[in-house]
Amino acid sequence: MEPIIAIRGVCKRFPGVVALADVGFELAPGECHAICGENGAGKSTLMKILSGVITDYDGEIRLRGAPVRFSRTRDAERAGIAIIHQELNLVEQLSAAANIFLGREQRTPLGFIDNAAMERAAGELLAGLECPIDPRIPAGTLRVGDQQLVEIAKALSLRTDILIMDEPTSALTEAEVARLYRVIERLRARGTTILYISHKMDEVFRLADRITVRRAGRHVRPVDRTSTTPREITGWMVGRDIAGHEFHGARRRGERLLEVRGLTLPWPEHPRGYRLADVSLDLHSGEILGVAGLRGAGRTELLETIFGASPPTWSGTILLDGQSVRFSHPREACAARIAMVTEDRKRLGLFPDLDVAANVSLCSLADTLRGGLVSRAREEALVAGPIRSTGVKTQGPHAAITGLSGGNQQKCIISRWLLTHPRILLLDDPTRGIDVGAKAELYQLIDRLCRDGLGVILTSSELPELLTLADRIIVLAEGRLTAEMTRDEATEQRIMEAATTL
Amino acid sequence: MKPPAPQARGWLLPRHELALLAAIVVVFVGTGFLDPNGTYFNAWAESRDIILRNTALLGIIALGASVVIISGGIDLSAGSMVAMSGTTCALIMLLFAEGDDRRLVTVGSLGIAAGVGGALLSGLLVGTLHTWLITSIRLPPFVATLATLVGLRSFARAMCVFVTRERWGSESQQIQVNTPAFVWLKEHNVVISAVVFLALALLTWLILSRTVLGRHLYALGGNEQAARLSGIRTENVKWFAYCFGSLTAALAGIFLMADSSVAQPNAAGRNYELNAIAAAVVGGCSLQGGVGTVSGTVLGALFLRLVIDAVSKLIKASADIYEGMIVGIIVALAVTLTQFGQLVQAGGRLFPGLRGLAAIPTIAVFAGLLSMMGSANVEALRGRTVPFGSAVGLAVLLLLSAVRWLEGRRTA
């Protein structure tokens, strides 16, 4: 069968970097083709070329046999290619219907905008996607899973027959993931070709007909799903076999650092009324406490409340070394030697205009002072230690932080906090959006810190991660603590049951 | 000089500052040779003083504007703050003057200290008010300082009228200030304001690039939420930024009052805030926050004033008529030039599609009209202004059309 898209010898260079080198592969009509690869492997560059965002590249793209070169995103849309980005592209203030028809608004015979017709059409599209929302409500108020379906509905209204999805499940709940799978099946039944980018093996093996692994800008190989295994694919992705890490042997649990009792955080504007209800936990030095829970279960809120970053309306007690504390600002938590690595690196962690050294030294600038002024030499000396010990790969302390990969950025942020000499380290989903190889390095780093005597609270949206790292696991469901188990008792099955019991 | 700059650094100065420096030299030398009166040669001392005084006045406010902009905010109120500060200073001194002294000649050193102190204090108070409106009431900085931009000037005028009526029994919209110390300040204004400007620039540089507070300002402007979660007291950093912005404007207000020997709340400092923001932007500050340098702002202010001076010399028109246009064109050009490389690299075009087509005659008409008005001041073209303007307009039209045509071929 003639391929619907054929990519031959596509290269893209940015100043100093080859983002894509000699890419070539073909998509057969109606297939679901998965692309796996570590972050920085050129996936997003490839997508930008296919969607007309990047226009100057070498090589050739053929669409249904004819060579094409998109000079803007509209061209790609017209050719029937749509992309569902990881970060969704909706105008939050506009209604779902207005978003779906943005730029192609329907009009009444008098030339005025025809909201009724668009809302009707949007409603039908969304109903077909198992998304029974009111198309008139603002997109910003929808859940992430529903927002994604609004984007898919938009793609469908564009008569898309090639749909590119970039890690579409990264922000979804289990139920939303299941719904997305059904939607994908339905699209395939209609003959839509799907390019599915992900590094989650279970998804890839569930959905894809063929799998292409990319590493450092090059294709390793396209294979049929039936002729490979997840382990083989992850091996290709990192270029080596990663053994399952076993860390929890022989950690030495020390004295009790933190004691949380009956923590309740109200949520007045929500029908549930609370973000956290009656949560209690203990943390000792030299142990990793895992916090499991679905998205929205209150994992981040729990860490933020301990760290003094939540609204001061919470009740309950937090004891640090047996002393009751109530931080009203993260600064006070820092002073009490608590550190928090936030969930969303780009939004809550990085300073894109500051260089690597300044990003790392930010919380410990007091240690760089000479005569009351920040000494650049001292700063460089200060950050050199953690940059080396956490294994940040950077050209130097004055490189741009935005030029580092996600894993290295995360190591910089951990370095920032290590310089504050914390006793308690709060890690909120630290490996989100980080590729497999860097994950393994972060696991080793976290384990080492724990062995050095830190008490670590770790949340994660991936259960295997918690099972790998944590000594004990507590499970949150809708803001309530529903289970606490030791690592030996914990299984994915048991955690998932506790996370979904209400 | 720019601590947290991942961008390209040149030798000693970053590339942006070097480009500005080159532009300054070009404008300066160009004006010197093109000026038919040769003012820079014949009356160098006078020209130098005008440029220095105006640059210092603009630069002092621009330094404050830069700090606010780097912290991710904006302060639109500087011009009104200039009026407020001068008026406050004069009114306090008025209270120390003898009853029938309407020229404030009799104010003693205590009165002067109180007046200057009160003016600076008014800056601190306004900065604090801004911070409160922004951090506690959660007004956007644009709205909060827009309110004070409109409100402060009116407040200063009301104060002026009130105090003069209470004191003298007759209302006055302005106050003469002929206090000996201020007369002396006026006589030495150029040197003193230039020295104060440079000292303030040095202080600002020290704060921004060598102190913890400075680093926190960049962090706040770059990513406010991350700054808070890193334990930075963002409200306090903002407090500093807005107070610094208002204080510099207050300082400039005292100099302006001394220079003109009169406190005029109605007229003093009008549009200064926009020129100051323009100088900061020309100097490389990003209105997104987190980016900017003191050296850039200083050079930006100098560049703006030099060009305004050059135009007033070359076309012998009064500078204030053309000032707005010059500032507008320079700001647009400066930011365009810094982004030009990216634009071309991204395969972007200057005149894409219908919009581009419509922009070309618009620019040509503006260029033609401007040259027509400008040529009226040139001896050789007198009486032929209309054909000259039309010729320039036509030339621009053809030139830009050629650019558009070439662009089309390049991207096709």
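**A helix pair and its chain**

In chain B, helix H4 (residues 78–96) packs with helix H5 (residues 109–136) at an angle of about 150°, their axes 8 Å apart. Here axes are lines fitted to C-alpha atoms, for helices over the stretch in contact, and angles run from 0 to 180 degrees between N-to-C directions. Helices (H or I, at least four residues) and strands (E, at least two) are DSSP runs, numbered from the N terminus. The model is predicted: local features need pLDDT of at least 70 and side-chain atom pairs count only at pLDDT 80 or more, while totals for chains, interfaces and linings use all residues. Residues are numbered from 1 along each chain as its sequence is written, and chains are lettered from A and ligands numbered from 1 in the order in which they are written.

Which residues make the contact of H4(B) with H5(B)? Among them are Met81(B), Met84(B) and Phe96(B) of H4(B), and Leu110(B), Gly111(B) and Val126(B) of H5(B). Two residues are in contact if their C-beta atoms, placed from the backbone, lie within 7 Å.

Now the whole chain. Chain B has 16 helices and two strands. Its C-alpha trace spans about 75 × 65 × 40 Å along the principal axes of chain B. Of the contacts in chain B with a separation of 6 or more, 74% are between residues 24 or more positions apart.

The domain assignment, which is automatic or from a database, gives chain B domain 1 (15–345) and domain 2 (353–411). The centres of these two domains of chain B, taken over C-alpha atoms, are 35 Å apart.
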